[in-house]
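Biologist: Please take me through the aromatic cluster in this protein. Start with the overall fold, then go in close.

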Amino acid sequence: SGGVAISNEPSTDKKAFRDLWAPTSVDIAYEQSLLGGRWRKCLWNLPFNGISVAMNGITVDKIVNDQGLRRLAFDIMDETVAAANSDLAAHGVDEEFYLNDEDKRKMMELSDNMGPYRTSTMIDFVEGRPLEVDYLFAKPVERARSLGVPVPHLETIVAQIQALQRLR
């Protein structure tokens, strides 16, 4: 079997990545910046996994259809974008890879069309399994703090989730 050569040319890397996954039925998304990709994943995971658990196990449709929770999701997205872009800047990542309003719009549009989707963390919560609080929630908050980026909504959600987990 053949391998995939990784070069210093972004277009070559992207083509190799797509060629690797072409024979599968897996939906893929290519990220030029691994750090940017991690933060883009957080852009959905932090608000939707967080709110779904903090609200005692609700589905995504309940979040997007409630005016207050929808606004909270956007507030957490705003905080995530600020932390992400500060982190990307601290790592010398070019601004073209920063998160932006279009990323937030796409995440909310995706969420609007999910229906009664149960987030992975909410499933763990309602089934009484341990939650990935540290890596999914606490680490992004710690990184934001270390960069001097205020994330009060996210800190509140994390505190609620940690308390729920301790009180079990």
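Modeller: Buried residues make up 39% of the 168 residues in the protein; buried means under 20% relative accessible area, exposed over 50%, and partly exposed in between, with a 1.4 Å probe and protein chains only. This is a predicted model: local features need pLDDT of at least 70, side-chain atom pairs count only at pLDDT 80 or more, and totals for chains, interfaces and linings use all residues. Residues are numbered from 1 along each chain as its sequence is written, and side-chain values use heavy atoms, with hydrogens and water left out.

The protein has 8 helices and 0 strands. Helices (H or I, at least four residues) and strands (E, at least two) are DSSP runs, numbered from the N terminus. Of the contacts with a separation of 6 or more, 70% join residues 24 or more positions apart; contact means heavy atoms within 4.5 Å.

Now the core. The largest nonpolar core holds 41 residues, and F48, I51 and I161 touch the most other members. Such a core is a set of buried Ala, Val, Leu, Ile, Met, Phe, Trp, Tyr and Cys residues joined through side-chain atoms within 4.5 Å. Among the elements that give two or more residues to this core are α2 (34-54), α5 (101-112) and α6 (120-126). Leaving aside neighbours within four places in sequence, I51 is in contact with residues including I58, L72, I76 and I157.

W44, F48 and Y117 form one aromatic cluster. Rings of Phe, Tyr and Trp (its six-membered ring) pair if their centres lie within 6.5 Å; planes under 30 degrees apart count as stacked, over 60 as edge-to-face and the rest as tilted. By this rule there are 2 aromatic pairs. W44 and F48 are stacked, at 5.1 Å centre to centre with 20° between the planes. Both lie in helix α2, 4 residues apart, about one turn of the helix. Both W44 and F48 are buried. The ring centres of W44 and Y117 are 6.2 Å apart and the planes stand at 70°, so this pair is edge-to-face. W44 lies in helix α2 and Y117 in the loop between α5 and α6, so the pair ties together parts 73 residues apart in sequence.

Y117 is partly exposed, at 40%.
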